[in-house]
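Good morning, colleagues. Please take a moment with the sequence and the structure on the screen before I go through them.

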Amino acid sequence: MTGAKAKRILIVDDAALVRAYYRQALESAGYSIDEALNGLEALEKVLLHSFDLLIVDVNMPQMDGMTFLRALRQKELPLSSIPVLVTSSEAGPQDMVAARAAGANYYSIKPLKQEALTELVGMLCGATA
Amino acid sequence: MNEFIEQFLLEARELIAQGTGDLLVLERSADDQSKIDSVFRAFHTLKGAAGIVEFEPMARALHAAESVLSDFRTSDELISPAIIDQCLSCLDQVTRWLDVMQATGEAPADAGPAADAIVQSFALPKGPAPNSDAALPAGDWLAELRGRRPDAWSEAQTALRYVPDADAFFKGEDPLARVEKLPDLTGVELAMREPLQAFGAINPFTCSIEITALSGADTETIKQMLSDLGNGVEVIAIDSPRRSNSASELSALARSILDAQVLLLRESEEAGLAGRIMAAGRVSMNVLRRTGLFAAASAVETALGGVLASQADAIIGIIEDALLEEPSQLSPAQAQAEQARLPLAIAARVLRVDTARIDELVNLTGELTVVKNALGHLAALAQGGLDQDAITAGLRQRHAQLDRLVGEVQRAVLRIRVLPMRQTFERFPRLVREIAAGVGKPVTFDIEGDETEADKAIVESLFEPLLHVLRNAVDHGIENPQRRAASGKPPAGAIVLRASRHLDTVIVEVADDGAGVDTARVREVAATRAIRPPEALATMGDGEIIDLIFAPGFSTATQVTGLSGRGVGMDAVRNSVERLGGRVAIESRPGQGTTIRLTLPFTVMMTRVMTIEAAGQVFGLPLDMVVETAIIPRDQIVPIGRATAFAWRDKTVPLVHLAETLGLAGEKDQSRAARVVITSFQGQFGALEVDRLGERMDVMLKPMDGLLGRLTGVSGTTLLGDGRVLIVLDVQELFS
């Protein structure tokens, strides 16, 4: 069984509290977690390591989530095909539509409760239930 | 989630400080785009943090501020002082909430009304109402709808907002009927587009409603049904995960994710097409596998191997088939059991520590354990009859190791207790602004060297005395604008708060460019309040007169201004600084300004001292002040006035005989050379002649208090290992 243990997730968010929350929730579900503080750092990390899922915030300094996502999707395969969950505190329609246009697989509004988060992440990166 | 409250409080306070700082810069230069971005991000991140700890009113209040700030990011319009004020009061409110959370460990339950008031305050000055015919304003109706109708939301696929034209009624349209004809409606809401006007002002023939609705039908269907309404209607696909983990809703999540993949596959943008298709394929496969639809999953896998152009359509087909085959198991939304809230004791005082410093301590603890084990081993050997010399040698070695380790632990602990001045300084820009506004004097306030570190106790205790000094600077130091204009100064007074480190002391200064201390006025007040007898006052020079402002009971405020005229004067400042083991000095330049200088110890805990002997008594000297020890031939010591000095490395260093200076009886050493300790304080050198040099040790310095507190030349005492009291000398006072 390839459980959650095998799955690597990169959390891209400038807020330390959010990263800590995701890390705690997902590590306790058996995922292996890495963090990036903005899109630029995330681009570096995805080039160096392989991930099963990226959880990306929208509003970040230096490089925002949408810019990062567009850049990622234009890279060569298979790098460009990493599943991406965009999370934002904006519930407005603009971000949801923009995230999809940028290539997000899913859009959710922060914060997700722990069970909802682990279930969603499990689906997106194909961890066996 | 409570384990995050502690981190939340820390971060939220940092963000508030950052936001406040940015807002104050914007107040001076409203066109600073980087600060607009930065303050926006601070509010945005704060809002996100509030979400993590599920503090909805705080998120709501910050959201209102954030939306307003967001507008200034994109438009050319400059942020107004009124908006800055509103943002600052929003942060004030958040600070009050944080204080409650700090005390109780929970978000305040009664925050709703205050949050509403903030939302209201940001809603008011937004200029003319938007023209309904124009593109719809970027609203948060979706979020509001979701908040108001969670049940309807969880069953819907599509959300819509319809703002009919104002003349809709004249055109014979019935907007509400149009919406009600839509399939699978799970919720419909009506709202007035603008706040209600006075009854007489309402035009009953104008359609000023807006309709929001949720439907279980898919977005394409709804869009087609309303396509004739143009940009008066917004239709949005909802793909939000259900916030429950009940088994029946898990497939709803899978369904929602698969829907999102279909939408992603339908995106036609050329750039990133391959990446999007493959990513959607991967996620579809993952979801199908996880929900047990293995056949469909392998079909997606096969399709992914095909030609790019056909992939998307193939995958969409597979997903749609899978969705059809899998019967919907949507059940009515189940009541969600509220998670039991675990009360969490929050430490009132949290210290943020660099992890490297913690690691250092952990390593040292490991080394200490090794020594401890070695001692146990030694004890066993002693019991086994090992000869005394071997045991003594072993003990010595361990003692040396322990000595080194304990020293390192002490230093490591000290470094943990060290904080940058910023922690205290960052509160002042806001306060100075309020104080200046209160007395109607324009003031610019700058901070320098706030990265200077000092012991936590020092940094935190500086707030009160510095606040008082700053109040004085604004209230008494800075002249009123007319007087400044008359003396050719810029209308705004300048106040600088700066910190710097000098050996083992930290200097904190408040400098203003005001008129300086009015010595005539000080004399007058000192006379009327009998601070000193008239005859003493008459003989005092201006320097001594100025120092009188530190005397108990002195205050030059001619009127109680509500600021500094509170009956506590500079003597209170002096007391609190001296309690910290520091000193206060004042420097006044008539017509140019006043500087108040606090000289504080870097640490209150351990001081490394060197012992010296004079007239048969042992004294300590803070080692940080000792530059060198030397033996100086007497013929090189020359009298200068009443004192003596010698040349040392091209500098003339004053020399005092310690026993004489302290008034101790003793034989004067008449040997050919003098044993001296060269000390340094604030960049000046001075040498002490001593009888003998002793050892070096770390001591916990206690300041002299009570009657001994007035003793000059002594900075404190400490108990030695043999029970004797070691008096540690204050080098600066010895030379003054």
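This is a predicted model: local features need pLDDT of at least 70, side-chain atom pairs count only at pLDDT 80 or more; totals for chains, interfaces and linings use all residues.

I begin with helix H14 of chain B, residues 355–383, which has 29 residues and reaches 42 Å from its first C-alpha to its last, close to the 42 Å expected at 1.5 Å a residue. The expected span of a helix is 1.5 Å times one less than its number of residues. Helices (H or I, at least four residues) and strands (E, at least two) are DSSP runs, numbered from the N terminus.

Residues are numbered from 1 along each chain as its sequence is written, chains are lettered from A and ligands numbered from 1 in the order in which they are written, and side-chain values use heavy atoms, with hydrogens and water left out.

Returning to H14(B), the buried residues are B:Leu361, B:Leu364, B:Val371, B:Ala374 and B:Leu378. Buried means under 20% relative accessible area, exposed over 50%, and partly exposed in between (1.4 Å probe, protein chains only). The cover over these buried residues includes helix H15 (388–416) of chain B. After H14(B) comes B:Gly385, with a positive phi near 90°.

I turn now to chain A. Chain A has 5 helices and 5 strands, and along the sequence they follow the pattern β-α-β-α-β-α-β-α-β-α. Of the 129 residues in chain A, 64% are buried. Contact here means heavy atoms within 4.5 Å; among contacts in chain A between residues at least 6 apart in sequence, 62% join residues at least 24 apart.

Helix H1 of chain A, residues 16–27, has 12 residues and reaches 16 Å from its first C-alpha to its last, close to the 16 Å expected. Its buried residues include A:Leu17, A:Val18, A:Tyr21 and A:Tyr22. Which residue forms a salt bridge with A:Arg23? The partner is A:Glu27, with the closest N and O atoms 2.6 Å apart. A salt bridge is a side-chain nitrogen of Lys or Arg within 4 Å of a carboxyl oxygen of Asp or Glu. Both residues lie in helix H1 of chain A, 4 residues apart, about one turn of the helix. In general, an α-helix has 3.6 residues a turn, so residues three or four places apart point the same way. A:Arg23 is partly exposed, at 27% relative accessible area, and A:Glu27 is partly exposed at 38%.

Next, the interface. The size of an interface is often given as the accessible area lost when the parts come together. Here, 59 residues of chain B are in contact with 52 residues of chain A. The area buried between the two chains is about 4,700 Å², of which carbon and sulfur atoms give 61%; buried area is the accessible area (1.4 Å probe) that two parts lose on being put together, summed over both. Between chain B and chain A there are 2 salt bridges, and A:Glu119 forms a salt bridge with B:Arg290, the closest N and O atoms being 3.4 Å apart. The elements that give two or more residues to the chain B side include helix H1 (3–28), helix H10 (247–266) and helix H11 (273–290) of chain B. H11(B) supplies the largest share of that side, 11 residues. The residues of that side divide into 27 nonpolar, 16 polar and 16 charged, where Ala, Val, Leu, Ile, Met, Phe, Trp, Tyr, Cys and Pro count as nonpolar, Asp, Glu, Lys and Arg as charged, and the others, Gly among them, as polar.

Finally, some charged pairs within chain B. A search of the whole structure finds 38 salt bridges over all chains. B:Arg161 forms a salt bridge with B:Glu210, the closest N and O atoms being 3.3 Å apart. This pair links distant parts of the chain, with B:Arg161 in strand S1 and B:Glu210 in strand S3 of chain B, 49 residues apart. Is B:Arg161 buried or exposed? B:Arg161 counts as buried, because its relative accessibility is 6%; B:Glu210 is also buried, at 14%.

B:Glu448 forms a salt bridge with B:Arg498, the closest N and O atoms being 3.0 Å apart. B:Glu448 lies in strand S6 and B:Arg498 in strand S8 of chain B, 50 residues apart.
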